[in-house]
Amino acid sequence: MTRRQRVMAALRGEHVDRVPLAFWMHNFATENSAKGLSGETLRLARTFDWDYLKPQSRAQGFAEMWGLEYRPSTERAVPFAVTRTPLASASDLGRLKPADPLTGALGEQLEALRAIRAGVGADTPIIWTVFSPMMIVPFLLEGGRDRALEIARSTPTALETALDAITETLTAYVSACLDAGADGIFYATNLATRELLRPDECKRFQRPYDLRVLEAASRAPFNVMHVCGGATHFGEFADYPVAAFSWALVPGNPSLSEGQRRTGRAVMGGIPAKPTITSMSPVEIGGRVSAALLDTGGRWLLLGPDCSVSPETPDVLMHAARQARDASAGA
């Protein structure tokens with residue numbers, strides 16, 4: 001099978017010659033420009049020959065559209081440092097307006113996407129990271145996540161105004177991503193956990209905005225919903241219109257096969273992410289791959305990490321995952 005045939009067959013639950021596999025990780029030194037991001041993504045694609053790509057664009061890029069500023073890192077594994085957080089209050093949120101996603105940091109991301117697509121050709125599926133509006137809000141606020149949750153409970157209409165402006169921006173951005181060569185979006189939220197949002201808050205502050213963004217991506221075949229964290233409200237997202245679901249295999253979350261049963265869709269994961277993966281051995285990584293294949297029967301499955309892996313993850317561990325996958329395919 002070609003990469004594209006393999007991935008699309010896995011998304012449909014059909015037989016594949018081997019289960020698709022990919023990893024993704026930040027490189028904090030190279031992610032600050034279109035050239036740096038595309039160059040690092042293509043280097044990884046050549047090194048590991050992954051079946052699909054999830055380029056790891058910088059997390060702060062969305063908030064840059066509304067004034068976040070940062071000091072770039074010069075080291076692969078050292079994150080950026082925020083130098084200006086643009087908003088401080090509920091009233092600031094209530095004044096947020098849509099941004100033009102063809103300009104600024106998002107325009108730069110589109111440039112990187114076009115370069116990556118040109119570099120890998122048509123056969124490698126690419127999913128492009130898009131944060132949910134609710135995930136972007138803490139990047140904009142002094143006080144971050146705690147302040148965002150406080151405003152959600154004290155001044156929800158101000159938060160909803162901001163979410164609407166961000167959503168309008170993202171719907172246009174998603175359409176541009178598909179035009180630039182993405183096969184779908186990797187749509188992420190990291191607030192939908194029992195520790196942070198209640199189920200009713202997911203319904204109010206996630207669902208209506210999420211569905212608008214996903215509707216903008218509906219013409220793509222490879223949209224993924226990523227519910228980040230432990231003890232997530234997985235059920236709040238189980239009927240989202242995506243091709244696959246991604247989440248961490250940690251306490252309080254479903255197993256891969258349970259996720260398949262609950263959603264009726266393909267699942268992506270099976271391999272630990274940061275920080276766990278860096279302390280594992282190649283044998284342990286191979287064991288996780290084998291466990292994922294056993295749990296799912298190797299159907300409706302795309303192998304990948306629970307979330308991004310550490311930039312310092314040894315190459316030998318990622319090669320071990322492929323070797324275990326290939327050994328299973330040849331059994």
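Colleague: In what sense do β3 and β4 pair, and over how many bridges?

Modeller: Two strands are taken to pair if DSSP finds at least two bridges between them, where strands (E, at least two residues) and helices (H or I, at least four) are DSSP runs numbered from the N terminus. Here β3 (residues 127-131) and β4 (residues 184-189) pair in the parallel sense over five bridges, and T129 has F186 of β4 as its bridge partner. This is a predicted model, in which local features need pLDDT of at least 70 and side-chain atom pairs count only at pLDDT 80 or more, whereas totals for chains, interfaces and linings use all residues. Residues are numbered from 1 along each chain as its sequence is written, and side-chain values use heavy atoms, with hydrogens and water left out.

Colleague: How many residues of β3 are buried?

Modeller: Buried means under 20% relative accessible area, exposed over 50%, and partly exposed in between, for a 1.4 Å probe and protein chains only. In β3, five of its five residues are buried: I127, T129 and F131 lie on one side, with W128 and V130 on the other, so that both faces are covered.

Colleague: Which residues are closest to the centre of the largest pocket?

Modeller: Rolling a probe the size of a water molecule over the atoms shows where empty space is left. On a 1 Å grid over the protein atoms alone, a pocket is an open set of points where a 1.4 Å probe fits, with protein on both sides within 12 Å along at least five of seven lines, and lining residues have an atom within 4 Å of a point. Grid points are joined across faces, edges and corners, and a volume is the space filled by probe spheres set on the points. The largest pocket holds about 390 Å³, and of its 21 lining residues H26, F131, M135, K274 and C307 are the closest to its centre. At least two lining residues come from each of β3, α6 (133-140) and β4.

Colleague: Which helix gives the most to the lining of the second largest pocket?

Modeller: That helix is α12 (282-296), which contributes four residues to a pocket of about 330 Å³.
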